[in-house]
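Here's a quick briefing for anyone meeting this structure for the first time. Have a look at the sequence and the model, then read on.

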Amino acid sequence: ADGLVTANSSGGPIQIGSAAGVQCQSASGAIRLNNVSGAMQASTLAGSIIATFLPGLPIMDSFLSTAAGDITVMIPSNLHVSIRAQNGGSTDIRSIVSDFPGLRVKSLRSAVLAEGAINGGGPLLRISGKGGSIYIRKK
């Protein structure tokens with residue numbers, strides 16, 4: 001889609017093939033976002049999120065959240081973005097895995113936090129997870 005895609009599900013997965021911005025909510029199901037640019041707002045109460053950014057196009061401030069599942073983000077090697085990821089279900093720093101060395105991962109009292117600039121920084125990508133792992137991968 002050339003514009004914003006909005007999708008809601010109360011009991012199943014959401015899959016977006018390509019979009020210039022997404023707003024997705026699922027009560028119980030995975031969310032898969034492929035070739036996305038612009039702003040992303042995606043949340044699920046029970047399910048994993050996989051988001052792949054489109055190479056060569058900028059993103060805007062975005063937020064991904066799950067209360068029970070993993071979150072995987074695929075970031076092109078030339079995309080400028082700042083990351084703030086929090087995994088509230090663990091104090092094990094291995095619950096946030098990053099392919100980017102600029103991301104600082106630390107354990108807090110009741111969560112693991114990862115922050116940093118990728119490729120010099122840019123729009124803020126906030127990631128919030130519980131009950132799973134967060135993977136920040138280089139595409």
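Let's start in the middle: the largest nonpolar core has 34 residues, and Val22, Cys24, Leu33, Leu64, Ile75, Ile83 and Ile136 are the ones that touch the most other members. Strand S4 (residues 31-44) gives the most to this core, with five residues. Keep in mind that this is a predicted model, where local features need pLDDT of at least 70, side-chain atom pairs count only at pLDDT 80 or more, and totals for chains, interfaces and linings use all residues. Residues are numbered from 1 along each chain as its sequence is written, and side-chain values use heavy atoms, with hydrogens and water left out.

**The core**

- A nonpolar core here is a set of buried Ala, Val, Leu, Ile, Met, Phe, Trp, Tyr and Cys residues joined through side-chain atoms within 4.5 Å.
- Buried means under 20% relative accessible area, exposed means over 50%, and partly exposed is in between, using a 1.4 Å probe and protein chains only.
- As a general point, nonpolar side chains tend to be buried together in soluble globular proteins.
- Strands (E, at least two residues) are DSSP runs, numbered from the N terminus, as are helices (H or I, at least four).
- Leu33 is in contact (heavy atoms within 4.5 Å) with Ile16, Val22, Cys24, Met40, Ala42, Ile50, Ala51, Thr52 and Leu64, leaving aside neighbours within four places in sequence.

**Salt bridges**

- A salt bridge is a side-chain nitrogen of Lys or Arg within 4 Å of a carboxyl oxygen of Asp or Glu, and by that rule there are three salt bridges.
- In general, side chains of opposite charge can pair when their charged atoms come close.
- Glu115 pairs up with Arg84, with the closest N and O atoms 2.6 Å apart.
- That pair links distant parts of the chain, since Glu115 sits in strand S11 (residues 112-118) and Arg84 in strand S8 (residues 81-87), 31 residues apart.
- Glu115 is partly exposed at 25% relative accessibility, and Arg84 is partly exposed at 34%.
- Asp99 and Arg137 form a salt bridge too, at 2.9 Å from N to O.
- Asp99 lies in the loop between strand S9 (96-98) and strand S10 (104-107), and Arg137 is in strand S13 (residues 134-138), so the pair ties together parts that are 38 residues apart in sequence.
- Asp99 counts as partly exposed at 33% relative accessibility, and so does Arg137, at 27%.
- Asp92 and Arg94 meet in a salt bridge at 3.0 Å, N to O.
- Asp92 is partly exposed, with a relative accessible area of 32%, while Arg94 is exposed at 65%.

- The side chain of Ser90 has a polar atom 2.9 Å from the backbone nitrogen of Asp92.
- The side chain of Ser95 has a polar atom 2.9 Å from the backbone oxygen of Asp92.
- Not counting residues up to four places away in sequence, Ser95 touches Asn87, Ser90, Val112, Gly132, Ser133 and Ile134.
- With its neighbours within four places left aside, Ser90 is in contact with Ser95, Ser110, Ala111 and Val112.
- The C-alpha atoms of Ser90 and Val105 are separated by 13 Å, and the two residues are 15 apart along the chain.

Terms used. A polar contact is a pair of N or O atoms within 3.5 Å; within protein, one must be able to donate a hydrogen and the other to accept it, and residues adjacent in sequence count only if both atoms are side-chain atoms.
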